[in-house]
Amino acid sequence: MRMRKWTYTMAGVALMVVMAGCGTVQPVALTAAANQGQQATLANDLLHAFTGKVEGIEEVTIYAKSSGRVASVFHDTGDEIQAGAPLFGLEQEELAASLRIAKADLALVKAKWEEAKKGTRTEEVLYAQAGWQQANQKYLDLKNGKRPEEMAQLEASYQSAKTNVELTAAKRDRTQALYVQGAVSKQAWEDTQSAYSQAEAQYRRSEEDLAMAKQGATQPTLQAMQANVEQMKAMYDKAKNGATPEQIAQYAAGVERAQAAVDNAEYQLKNATITSPIKGYVSTKSIHAGEMISPSVAAMTVVNTEKVYVVMGVAEKDLERFALGKEVDVAVDALHKSMRGKVERISPKADAGTDTFTVKIVIENKDGALRSGMTGIVSL
């Protein structure tokens with residue numbers, strides 16, 4: 001019975017339907033004299049035919065989320081894919097390196113944060129304390145001057161260094177004379193030269209220490225020493241008290257920033273592989289491996305045709321023929337058969353360019369026989 005209806009419908013359409021172009025067509029009365037706009041009846045029923053285009057209910061245009069060079073294209077036009085299937089991928093070496101750097105930075109600031117929360121180690125506190133005490137003692141010694149016994153020690157050191165430099169100078173001179181005569185080696189002469197240089201340096205230091213002790217410290221020197229003591233004391237206090245709440249909060253903020261950098265690097269790396277958000281078929285592909293791509297360029301289109309719409313424009317005078325939920329037969333010439341559909345959507349506003357209302361008829365298409373762009377004819 002359906003095939004007979006298909007035969008009658010298509011025969012009538014071939015004789016009496018006027019189609020305009022390849023877009024949505026205005027509904028045309030199915031009559032024996034269409035050019036004159038006359039209406040006729042077929043089997044005592046007033047029959048009108050409306051044409052429309054098949055569209056997938058879900059159709060997604062795929063873009064890359066960042067610029068880059070296409071490394072691989074995994075699917076081509078016509079391929080069936082599942083939701084989440086990879087479509088194409090960008091080069092990832094630089095992105096992977098950025099992720100490794102971000103993770104290393106995160107590990108570093110985390111370690112500092114944890115150390116700040118635990119407080120300074122005991123040995124570090126003792127070391128800072130010893131540094132402060134030593135600097136303070138040097139300052140006091142310089143400020144108060146040397147004690148008699150210390151002056152005697154400095155004098156003795158000076159005399160010892162003076163005697164030593166005189167002896168090494170004499171030995172150097174003797175060795176040099178023997179070297180000139182060929183009685184000793186060059187290495188022996190160089191050794192005495194080195195010993196003399198060391199002795200002379202020690203003598204100069206002892207002479208300066210003794211002179212400074214006798215003269216006493218100058219005011220600028222005392223001020224510099226005092227500033228050093230204060231700095232060492234501050235370092236000791238910091239080590240003893242540990243990090244302040246404000247400093248710990250700064251460390252925590254640093255960890256949060258570093259974690260955000262890792263998250264961003266992971267996001268960029270993940271988005272280097274572009275996947276399909278829906279199940280369906282690849283309907284268009286405009287990229288190839290090796291090409292540069294940007295987020296503004298459409299790379300692919302994926303359409304889900306498990307259910308499809310037949311979309312048509314209906315004039316105001318014929319709109320009453322359609323009602324939401326109404327079941328209709330849709331003839332598809334490309335498949336040579338008629339399919340059952342249901343009116344699912346009716347636009348509440350006429351199109352400004354055509355003065356027609358958009359009507360969408362949904363059809364089950366599990367076998368994928370209907371494809372986007374096919375023409376469907378509804379007879380009412």
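## Reading a predicted fold

Mentor: Of the 380 residues in the protein chain, 31% are buried (under 20% relative accessible area; exposed is over 50%, partly exposed in between, with a 1.4 Å probe and protein chains only). The model is predicted: local features need pLDDT of at least 70, side-chain atom pairs count only at pLDDT 80 or more, and totals for chains, interfaces and linings use all residues. Residues are numbered from 1 along each chain as its sequence is written, and side-chain values use heavy atoms, with hydrogens and water left out.

Trainee: How many helices and strands does the protein chain have?

Mentor: Helices (H or I, at least four residues) and strands (E, at least two) are DSSP runs, numbered from the N terminus. Here there are 7 helices and 15 strands.

Trainee: What share of contacts joins residues at least 24 apart?

Mentor: A contact means heavy atoms within 4.5 Å. Take the contacts between residues at least 6 apart in sequence: 73% join residues at least 24 apart.

Trainee: At what angle do helix α3 and helix α6 pack?

Mentor: Axes are lines fitted to C-alpha atoms, for helices over the stretch in contact, and angles run from 0 to 180 degrees between N-to-C directions. Helix α3 (residues 122–144) and helix α6 (residues 219–241) pack at about 160°, axes 8 Å apart. Angles over 145 degrees count as roughly antiparallel, so α3 and α6 are roughly antiparallel to each other. α3 passes α6 in a left-handed crossing (the near helix is turned anticlockwise from the far one by less than a right angle).

Trainee: Which residue classes make up the contact of α3 with α6?

Mentor: Ala, Val, Leu, Ile, Met, Phe, Trp, Tyr, Cys and Pro count as nonpolar, Asp, Glu, Lys and Arg as charged, and the others, Gly among them, as polar. The contact of α3 with α6 has 13 nonpolar, 6 polar and 5 charged residues. W132 and Y139 are among those on the α3 side, and M225 and Y236 among those on the α6 side.

Trainee: How do α2 and α7 cross?

Mentor: Helix α2 (residues 93–118) and helix α7 (residues 245–270) cross at roughly 160°, with axes coming within 8 Å. They are therefore roughly antiparallel to each other. α2 passes α7 in a left-handed crossing. Their contact has 17 nonpolar, 4 polar and 6 charged residues.

Trainee: What is the phi of H336?

Mentor: Most residues other than glycine have a negative phi. H336 has a positive value, near 55°. It sits in the loop between β12 (327–332) and β13 (337–346). H336 is exposed, with a relative accessible area of 55%.

Trainee: Where is D355 found?

Mentor: D355 is in the loop between β13 and β14 (356–364). Its phi is positive, about 55°, although D355 is not a glycine. D355 is exposed, at 56% relative accessible area.

Definitions and conventions
Parallel < 35°, antiparallel > 145°, perpendicular 65-115°, else oblique.
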